[in-house]
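This report covers a ligand site and the pockets of one protein model. The sequence and structure come first.

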Amino acid sequence: MPMPLDRWPAELGATVERCTTLRAVRVVAETASTQDVARDFVSEPGIAVVAFRQTRGRGRLGRAWLDTGFEGVAVTFVVPVPTSQPPERLVMASAVGTARAIEKVAGLKVGIKWPNDVVRGHRKLAGVLIERSGDVALVGVGINVAQAGFPPELEPIATSLLLEGRDLDRFEVLRALFVAFDAALDASDDELRGEYATGDTLTGSVARFATPEGGFEGLVVRVGPSRGLAIRTETGERFLSAATTTVVSWKQGPASSR
Ligand code: BTN
């Protein structure tokens, strides 16, 4: 029996009591986007805004995130970020936290596709949108849990835990996400680098990227919390910004066989 909505606040409240950075929870029954609700809480870092249903979620680079219905997880974490901290650290922490939560609760090996998509093969299971507001970041995480299918245009690129053979209460996925995301925020750079590398589907592969300066192809040599994605090109090494880069296609690297 799925956790009823009226118990989400107390159950998640008990979870954040065991967390380091996360301190409080707001649960809304329905909203267009948890990112917008979270904007009202930028003066309260450590708060998490959860929607029972999110109808018009936003994705990276102006894309849309499908209505969660009652099948998906939608949450925005309001996270304190020192202005001196490179943005790539939070990018990696959010990917690692989301991937680890899914692996723990579903017992499913997943991959990470730069910057912070969580994938099974080439299909996306979860996505992260990070919006900065001064020394606070709004980290929005969407996870596909119980969708039995997707619209035709998403079908080749999206998946859910149910479609991957895991029939779970999305509340349990949410609870696992709180714990794993909080732990990832607290991890050292070395731990993050190692954890990210475990799931990394790009390093070692040749990928095509879209950037504001145009598209290009290169060998992905590494991902790090200070400079992000390093690509080897004919003219030397180039670093790509997580904020503006999209991976258009890639031939999977070694970690994808996990
Ligand atoms: C992406 O893959 O492009 C990022 C998707 C992020 C979706 C989440 S769902 C919770 C939060 N609220 C939003 O409107 N977007 C993020």
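The model is predicted. In it, the ligand is surrounded by 20 residues, and Ser33, Gln54, Arg58, Arg60 and Lys124 are the closest.

| Residue | Protein atom | Distance to a ligand oxygen atom |
|---|---|---|
| Ser33 | polar side-chain atom | 2.7 Å |
| Arg58 | polar backbone atom | 2.7 Å |
| Lys124 | side-chain N or O atom | 2.5 Å |

The ligand taken alone exposes 410 Å², and the protein buries 99% of that area. By class, the shell around the ligand holds 6 nonpolar, 10 polar and 4 charged residues. Elements that each supply at least two shell residues are α2 (34-38), β3 (57-58), β5 (72-80), β8 (123-133) and β9 (136-144). The most comes from β8, with 4 residues.

The ligand sits in the largest pocket, which holds about 800 Å³ of space. Its lining has 38 residues, with Arg63, Ala64, Trp65, Asp117 and Lys124 nearest the centre. Of the lining residues, 19 are nonpolar, 13 polar and 6 charged. Here the largest share is that of β14, with 5 residues.

The second largest pocket has a volume of about 310 Å³. Its lining consists of 16 residues, and Pro87, Val91, Ile130, Ala242 and Ala243 lie nearest its centre. That lining divides into 10 nonpolar, 2 polar and 4 charged residues. Both α3 (87-106) and β8 supply at least two residues to it, and β8 gives the most, with 5.

Conventions:
Residues numbered from 1 in each chain as written. Predicted model: local features only at pLDDT ≥ 70, side-chain atom pairs only at ≥ 80, totals over all residues. Heavy atoms only, no water. Near = heavy atom within 4 Å. Polar contact = N/O pair within 3.5 Å; in protein donor to acceptor, adjacent residues only side chain to side chain. Areas by Shrake-Rupley, 256 points an atom, 1.4 Å probe, with all protein chains shown as cover. 1 Å grid on protein atoms, 1.4 Å probe; cavity = no way out; pocket = protein on both sides within 12 Å on 5 of 7 lines; lining within 4 Å. Sits in = over half its atoms within 2 Å of the grid points. Nonpolar A, V, L, I, M, F, W, Y, C, P; charged D, E, K, R; others polar. Points joined across faces, edges and corners; volume = space filled by probe spheres on them.
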